[in-house]
Amino acid sequence: MKSELIKNIEAMQVFDSRGNPTVQVKVVLESEKEGIAIVPSGASTGSFEAVELRDGDMQKYNGLGVYKAIDNINRKISKILIGENVYDQRKIDEKMIKLDGTPNKSKLGANAILGVSLAVARAASNSLEMELYKYIGGINASLLPLPMMNILNGGKHANNNLNIQEFMIVPKGAKNFEESMEMGIEVYKVLKEILKKKQMVTSVGDEGGFAPNLENDEEAIELILEAIKEAGYKEKKDFEIALDMASTEMHLAAKKINKEGYYFWKTNEYKTKAEMIDYIIYLVNKYPIYSIEDGLAEEDWKSWKELTKKIGDKIQLVGDDLFVTNMERLSKGIKEHIGNAILIKPNQIGTLTETLDVIKLAKKYGYKTIISHRSGETEDTFIADLAVAVNALQIKTGAPCRTDRIAKYNRLLNIGKGLTS
């Protein structure tokens, strides 16, 4: 193996798209080549995700500071990695996992470990003067993903009365990635004009989608279909709809009122587990829905199995909170025939190699992989390269709005140009 040694690792506190502190890591090599990575942060997080270490000092950033994680990088992680071969990504990641010693990276913080892991990969690709996606994926990295654009926000992503967290458009009729961007942006802009005409707010949520108050969640779908038609496209042929139900939040809300099903807390509606399954099937039968993410809660395995049995052959059923980019939880889903797709978020598990291992397992058993951003994003475009590196079929990185989201789309456009040149 070619050798290029790590000379220094430096971490500092920067800020994400919500103005919250996050971790930036720079890995410097003996050749003076370097790699920089910034870690994102989620708002609607699964309880089985690796732990994001925060300071808890309410006098600074409402307890959200990340100086503990930074100190862990500068004083502990750097100590065991300086002098290591930057190309040995698996060894480096395993050393950090061992140093942490916990099952959920709660000692050092997944945000600390992931920041180093991604910066190491970037430094390695830069030292070889190679594109990051090629360094990670090799000669097989050749496929640009289909964007799933979140253009209407609800749930924890917006201060409105919509319960469903994300209403996405999927430009399935596009011939290539560039055309998919054109189609998605046109529908997004038409939707804005429709909202204006109806005298609805056009402010946006965390991921760039509009966040109006509507009569109900179905009206959000109807508005999107109206925008698709007014933009000159056809539903099903050109566009389909994807939903992120974020049902774990509804399940937790039900528990607060001493019930076991799902409580739509924004509109004061309660559904039993059976009624929730029926509601999802109703939406799928009524609308051109391609994908449902987290239709049921992270621990409602029995209902997930029932839902998969009923409509798993019709649409994409995505596990996010359910699988949390975790090998053990995905393995359980595969064994019990639950879901048929997995959302991939590197900060849910904490290292690049673990992320790649989960993707490999998913593909082995026919589960579709969707690379995803977080609601608290940054200008870092690592996930765009990751999507191409693993030939992921889809990517979620928000509406075509706000630089933290657009940066990923622009990176994919540049990668696409490189692939065809």
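A cavity is here a set of grid points where a 1.4 Å probe fits but cannot get out. In this predicted model, two cavities of 30 Å³ or more are present. The volume of the largest cavity is about 130 Å³. Its lining comprises 15 residues, of which P40, L118, E377, F382 and I383 lie closest to the centre. Three helices, α3 (110-127), α11 (346-349) and α13 (382-389), each contribute at least two residues to the lining of the largest cavity. Sorted by class, this lining consists of seven nonpolar, five charged and three polar residues.

The largest nonpolar core contains 118 residues, among which L243 and I371 touch the most other members. Helix α3 makes the greatest contribution to this core, with 10 residues; α3 is also one of the helices that supply the lining of the largest cavity. When neighbours within four places in sequence are set aside, the contacts of L243 are I164, E166, F167, M168, I221, L283, I289, S291, I292 and E293.

Residue S303 was examined individually. S303 is part of helix α9, which spans residues 301-311. The relative accessibility of S303 is 7%, and S303 is therefore classed as buried, since the cut-off for this class is under 20% relative accessible area. With residues up to four places away in sequence left out, S303 touches K273, I277 and L296.

Terms used: Residues numbered from 1 in each chain as written. Predicted model: local features only at pLDDT ≥ 70, side-chain atom pairs only at ≥ 80, totals over all residues. Heavy atoms only, no water. 1 Å grid on protein atoms, 1.4 Å probe; cavity = no way out; pocket = protein on both sides within 12 Å on 5 of 7 lines; lining within 4 Å. Points joined across faces, edges and corners; volume = space filled by probe spheres on them. Helix = DSSP H or I, 4+ residues; strand = E, 2+ residues; numbered from the N terminus. Nonpolar A, V, L, I, M, F, W, Y, C, P; charged D, E, K, R; others polar. Core = buried A, V, L, I, M, F, W, Y, C linked by side-chain atoms within 4.5 Å. Buried < 20%, exposed > 50% of the residue type's maximum accessible area, 1.4 Å probe, protein only. Contact = heavy atoms within 4.5 Å.
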